[in-house]
Amino acid sequence: KLREETNEFRQHLPVIQSLASPALKARHWELLSERIGQEIEPDEELTLKGLLDMDVGRFIDQIQEVCVAAKKEYDLETALANMKAEWAAVSYEVLPYRTTGTFVVSGVDDIISLLDDHLAKTQTMRTSPFIKPIEAVCKDWEFRLKYAQGLLDEWIKCQRTWMYLEPIFGSEDIMRQLPTEARRFNAVDALWRKIMADTNQDPAFMVQCDPE
């Protein structure tokens with residue numbers, strides 16, 4: 001008797017496995033309702049018996065098609081969320097620079113590597129046929145990664161140049177001999193010191209590379 005009942009129940013497993021997916025969102029339930037020609041509301045009143053009374057098993061192919069797409073979309077959303085979460089723990093290594101009273105950043109090789117990796121992953125995600133529901137979010141994330149990548153390149157170039165010029169224009173003789181160049185350097189130096197002071201206060205990479 002138990003075997004017979006178990007075998008009879010087993011035929012409903014595809015429906016249970018498909019419709020119990022956490023990937024299903026409101027838009028998927030609307031599409032499912034459209035596909036089977038009956039309204040399905042994923043609320044507390046939705047039961048397996050209610051689904052079976054609708055004879056949804058007859059539409060298992062359509063149900064699985066929607067649920068597979070939902071799972072693919074869910075995987076993309078999860079991958080994007082994981083990338084953003086990973087950046088929350090990434091910070092510049094900010095170090096005092098000699099006796100200048102300001103700082104420089106270090107340890108950027110790992111950041112560059114992570115940027116390259118995530119940019120490649122994001123661009124691959126954008127080619128997926130299941131990206132449409134989060135395409136705008138994914139595009140914004142790609143823009144932010146590219147912006148951060150470009151900003152980091154310029155940051156390192158500026159830092160390298162500043163480290164070269166700072167001891168030169170730290171000489172009073174040079175300041176007197178090259179007053180115009182000295183004024184230009186002092187303007188950049190003041191901006192650099194403010195940026196580095198802010199970075200020392202909050203070294204989180206994505207905070208400092210926020211395009212806004």
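Student: What volume does the largest pocket have, and what makes a space a pocket?
Tutor: The largest pocket has a volume of about 170 Å³, in a predicted model. The volume is the space filled by probe spheres set on grid points, which are joined across faces, edges and corners. A pocket is an open set of points on a 1 Å grid over the protein atoms alone, with protein on both sides within 12 Å along at least five of seven lines; a cavity is a set where a 1.4 Å probe fits but cannot get out.

Student: What ground rules apply to the model?
Tutor: Local features need pLDDT of at least 70 and side-chain atom pairs count only at pLDDT 80 or more, while totals for chains, interfaces and linings use all residues. Numbering starts from 1 along each chain as its sequence is written, and side-chain values use heavy atoms, leaving out hydrogens and water.

Student: Which residues line the largest pocket?
Tutor: Leu 151, Glu 154, Trp 155, Cys 158, Val 188, Leu 191, Trp 192, Ile 195 and Gln 208. Lining residues have an atom within 4 Å of a point. Helices are DSSP runs of H or I with at least four residues, and strands are runs of E with at least two, numbered from the N terminus.

Student: How do the lining residues divide by type?
Tutor: Into 7 nonpolar, 1 polar and 1 charged. Ala, Val, Leu, Ile, Met, Phe, Trp, Tyr, Cys and Pro count as nonpolar; Asp, Glu, Lys and Arg count as charged; the others, Gly among them, as polar.

Student: How do you know that the span of H9 agrees with its number of residues?
Tutor: The expected span is 1.5 Å times one less than the number of residues. With 23 residues, H9 should span 33 Å; its end C-alpha atoms are 33 Å apart, so the values agree.

Student: Which residues of H9 are buried, and what covers them?
Tutor: Ala 182, Phe 185, Asp 189, Trp 192, Met 196 and Thr 199 are buried. The cover includes S1, S2, H7, H8 (172-177) and H10 (205-208).

Student: Why is Glu 73 called buried?
Tutor: Buried means under 20% relative accessible area, exposed over 50%, partly exposed in between (1.4 Å probe, protein chains only). Glu 73, in H5, has 12%, so Glu 73 is buried. Beyond neighbours within four places in sequence, Glu 73 is in contact (heavy atoms within 4.5 Å) with Arg 27, His 28, Phe 130 and Pro 133.

Student: Why is Ala 89 called exposed?
Tutor: Its relative accessible area is 69%, so Ala 89 is exposed. Ala 89 lies in the loop between H5 (60-87) and S1.

Student: Why is Asp 55 called partly exposed, and why is Arg 98 called exposed?
Tutor: Asp 55 has a relative accessible area of 35%, so Asp 55 is partly exposed. Arg 98 has 65%, so Arg 98 is exposed.
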